[in-house]
Amino acid sequence: MEFVMEMAGAEQIEELVEIMEDAARNVQKKEWFAAGDRACLLDALLGNSFVILARERESREAAGFFAVLFPEEKEEYMAEYTALSEQEREHLVYMDTAAVKKVFCGNGLQRKMLEAAEEALKKRGDLSQWYCLCTVHPDNRFSLKNMQGAGYEILAEAELYGGLPRLILGKILKSRRAKDRNGD
């Protein structure tokens, strides 16, 4: 299968909720997926954050999404597990939620959406780098393999989302502008 990536807008909220509900119903183990809700998705779509929506190329069916959140001070719960300074925290971003409909699982879609999300970040703003953080359940070898394969390293293990075990992973992502300035 082939997929196309697009920036989701508020007009796609029903498709995003459908994907999230399908992923929550069909995840191998329920504790692996800490699903948000419609309000969280709308906040991301209407605020400073963004959501990558993957569609199957031929049918145009919504297949998955990847939410990227710019946390406010009250939401910096992952940052406490890093050695980031206050200034570096201004460049903090959460590679927050990846959800794929069951029918599209096994196509490497989480990794493809992550790549699209990182590309969008590289083009955003005039920052030289982003500090990307995410969480993965320790037993979810699929997501862990995807994130580590993309260069994310395990920083800590903690209980989050109401007591669920999570690995906190991080990566420094250089922006396109930083590479242009350095001649890379």
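This is a predicted model: local features need pLDDT of at least 70, side-chain atom pairs count only at pLDDT 80 or more; totals for chains, interfaces and linings use all residues.
Residues are numbered from 1 along each chain as its sequence is written, and side-chain values use heavy atoms, with hydrogens and water left out.

I take helices (H or I, at least four residues) and strands (E, at least two) as DSSP runs numbered from the N terminus. I checked the length of α4, which has 15 residues and reaches 21 Å from its first C-alpha to its last, close to the 21 Å expected at 1.5 Å a residue; the expected span is 1.5 Å times one less than the number of residues. For α1, the 14 residues should span 20 Å at 1.5 Å a residue, and the end C-alpha atoms are 20 Å apart, which agrees. I then listed the buried residues of α1, and they are I13, L16, V17, I19, M20, D22 and A23. An α-helix has 3.6 residues a turn, so residues three or four places apart point the same way. What covers the buried residues of α1 includes α2 (38–46), β2, β3 and β4, with contact meaning heavy atoms within 4.5 Å.

**Entry: salt bridges**

I searched the whole structure for salt bridges and noted 11, each being a side-chain nitrogen of Lys or Arg within 4 Å of a carboxyl oxygen of Asp or Glu. One of them joins the side chains of E6 and R60, at 3.3 Å from N to O. E6 lies in strand β1 (residues 3–7) and R60 in the loop between β2 (50–56) and β3 (62–69), so this pair ties together parts that are 54 residues apart in sequence.

I next looked at E15, which forms a salt bridge with R55, the closest N and O atoms being 2.9 Å apart. Here too the pair links distant parts of the chain, with E15 in helix α1 (residues 13–26) and R55 in strand β2, 40 residues apart. Is R55 buried or exposed? I found R55 to be buried, with a relative accessible area of 8%, whereas E15 counts as partly exposed at 26% relative accessibility. I also noted that E6, E15, R55 and R60 are linked in a network of salt bridges.

Another salt bridge brings together the side chains of E61 and K101, at 3.1 Å from N to O. This pair links distant parts of the chain, since E61 is in the loop between β2 and β3 and K101 in the loop between β4 (92–100) and α4 (109–123), 40 residues apart. I recorded K101 as buried, with a relative accessible area of 7%, and E61 as partly exposed, with 34%.

**Entry: backbone angles**

Most residues other than glycine have a negative phi. I noted that R60, although not a glycine, has a positive phi of about 65°, and that R60 is partly exposed at 39% relative accessibility. Y161 is not a glycine either and has a positive phi of about 50°. I placed Y161 in the loop between β6 and β7 and recorded it as partly exposed, with a relative accessible area of 32%.

**Entry: the second largest pocket**

I looked up the second largest pocket, which holds about 160 Å³ of space. A pocket here is an open set of points on a 1 Å grid over the protein atoms alone, where a 1.4 Å probe fits, with protein on both sides within 12 Å along at least five of seven lines, and lining residues have an atom within 4 Å of a point. The lining is made of T82, A83, L84, Y131, C132, L133, G151, E153, L155, G170, K171 and I172. The elements that give two or more residues to this lining are β5 (129–136), β6 (153–160) and β7 (164–174). By class, I noted 7 nonpolar, 3 polar and 2 charged residues in the lining, with Ala, Val, Leu, Ile, Met, Phe, Trp, Tyr, Cys and Pro counted as nonpolar, Asp, Glu, Lys and Arg as charged, and the others, Gly among them, as polar.

Key:
Buried means under 20% relative accessible area, exposed over 50%, partly exposed in between (1.4 Å probe, protein chains only). Grid points are joined across faces, edges and corners, and a volume is the space filled by probe spheres set on the points.
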